[in-house]
Amino acid sequence: MNAHPSFASGEITTDASPLMHGVQRWLTAYPTLPLPGGGDTLARWRVLAQIASQDLATVKLLEAHYDALAILAEARLGSEHAEGTLWGVWAAEGPASTLQLTQPSAHLRGRKPWCSGARRVTRALVTVKDEAGCQLVAVDLSPDTTKVDTSHWHGPGMAAIETGTVDFLDAPARFIGGRDFYLDRPGFWHGGAGIAACWYGAATAVAEKLRRSGHRGNPFAAAHLGAMDGSLVALRALLHALAARIDAAPQEPHRNEVIRVRTVADRVCRDVLERSALAMGPGPLCTDAEHAQRCADLAVFIRQSHAERDEQWLGESSIALGDSPWHL
């Protein structure tokens, strides 16, 4: 079934799952978020972190939705598209992507892999890459013009959002911005930092499970919790500082700072996942469904980080600076 939920009048009409009820609840509370670089970036990230601390599948859908609204705002199309829909942003590229735009009618044809929430969203911003560059288009998703295949997703992490491959069957599309608008805009990097805020929120929830688990008198559990505390507080400081920098200079991408925050967040999340398991043992991962799902979801979500590739880029950038970048 290729059903797409509607948020018209604040009600989900085709999907009564707990996940979509959670999405509806958050959208009712926060129909929009402050735009990145609009003067209140930290408030935006705090909401994303709060959602992530409760449910990572929900924040995966909503982060993309809020990101799409920010992209449309950058293209000066914001309010025209903001109501009555749940947006996805599908920008994965690779050999499995065969998308083509027919001209001049602007219809989308071909296959797009790694489409998050493929059975959940009503519209999507989709990248189409060719020799001339990358074009972003907006597509209304309909069973008549899209076919979804989620059969290849076998892992428990992020299974609820139903990521899959979408085949577009001459789906009408609308151009958003010019060539390479999606990649060249400052918001591409600002949005990447917002994902790190989601990771941070989930990591705090995993750490909180240990903090409240009653392991008093266990010096090893306390040591793991202390290490988590140091890492999380340091990551929080980086997020605060980056939000202020983005608000102070919204036309700058702040690429170095964003990649640094994402790299640190990736490592902090991995450390928190490992330390929580070492401190509490296998019990919570086997008997606490919410905690086990959160850990599985977070392990998948942080793999949106480019890991060592980003660290290589940061290292080469620091060498290119000549002067030390680490003065206090």
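This briefing describes strand pairing, helix packing and selected residues in one predicted model. Local features are reported at pLDDT of at least 70 and side-chain atom pairs only at pLDDT 80 or more, while totals for chains, interfaces and linings use all residues. Residues are numbered from 1 along each chain as its sequence is written, and side-chain values use heavy atoms, with hydrogens and water left out. Helices (H or I, at least four residues) and strands (E, at least two) are DSSP runs numbered from the N terminus.

**Strand S7 and its partners**

- Strands count as paired if DSSP finds at least two bridges between them.
- Strand S3 (residues 107-115) runs antiparallel to S7, and 7 bridges join the two.
- Strand S5 (residues 133-140) is also antiparallel to S7, with 4 bridges.
- Strand S6 (residues 146-149) pairs with S7 (residues 164-176) in the antiparallel sense over 4 bridges.
- Elsewhere in S7, Thr165 stands opposite Asp149, and Ile176 stands opposite Leu136.

**The two faces of S6**

- In a regular strand the side chains alternate between the two faces of the sheet.
- Along S6, Thr146 and Val148 point to one face and are buried; buried means under 20% relative accessible area, exposed over 50%, and partly exposed in between, with a 1.4 Å probe and protein chains only.

**Helix H6 against H10**

- Two packed helices are described by the angle between their axes and the distance between the axes.
- Helix H6 (residues 187-211) packs with helix H10 (residues 289-301) at an angle of about 150°, and their axes are 10 Å apart. Axes are lines fitted to C-alpha atoms, for helices over the stretch in contact, and angles run from 0 to 180 degrees between N-to-C directions.
- H6 is therefore roughly antiparallel to H10; angles under 35 degrees count as roughly parallel, over 145 as roughly antiparallel, 65 to 115 as roughly perpendicular and the rest as oblique.
- The crossing of H6 and H10 is left-handed, a term for a near helix turned anticlockwise from the far one by less than a right angle, with clockwise giving right-handed.
- On the H6 side, the residues that meet H10 are Ile195, Cys198, Trp199, Ala202, Ala203, Ala205, Val206 and Lys209. Their counterparts in H10 are His291, Arg294, Cys295, Leu298 and Phe301. Contact means heavy atoms within 4.5 Å.
- The residues of this contact of H6 with H10 comprise 10 nonpolar, 1 polar and 2 charged. Ala, Val, Leu, Ile, Met, Phe, Trp, Tyr, Cys and Pro count as nonpolar, Asp, Glu, Lys and Arg as charged, and the others, Gly among them, as polar.

**Helix H2 against H6**

- The axes of helix H2 (residues 41-54) and H6 come within 7 Å and cross at roughly 40°, which means that H2 is oblique to H6.
- H2 passes H6 in a right-handed crossing.
- H2 contributes Trp45, Leu48, Ala49, Ala52 and Ser53 to the contact, and among the H6 residues they meet are Ala193, Gly194, Ala197, Cys198 and Tyr200.
- By class, the contact of H2 with H6 holds 10 nonpolar and 5 polar residues, with no charged residues.

**The loop between H7 and H8**

- Glu252 lies in the loop between helix H7 (219-248) and helix H8 (255-280) and is partly exposed, at 46% relative accessibility.
- Setting aside residues up to four places away in sequence, Glu252 touches Pro186 and His190.
- Glu252 and Pro186 are 66 residues apart in sequence, and their C-alpha atoms are 5.9 Å apart in space.
- His254 is in the loop between H7 and H8 and is buried, at 9% relative accessibility.
- The phi of His254 is near 55°, a positive value in a residue other than glycine.

**Further residues**

- Trp114 in strand S3 has a phi near 55°, a positive value in a residue other than glycine.
- At 58% relative accessibility, Trp114 counts as exposed.
- Thr102 belongs to strand S2 (residues 100-102) and is buried, with a relative accessible area of 19%.
- Beyond residues up to four places away in sequence, Thr102 touches His107, Arg109 and Asp170.
- Leu27, in helix H1 (residues 18-29), is buried at 11% relative accessible area.
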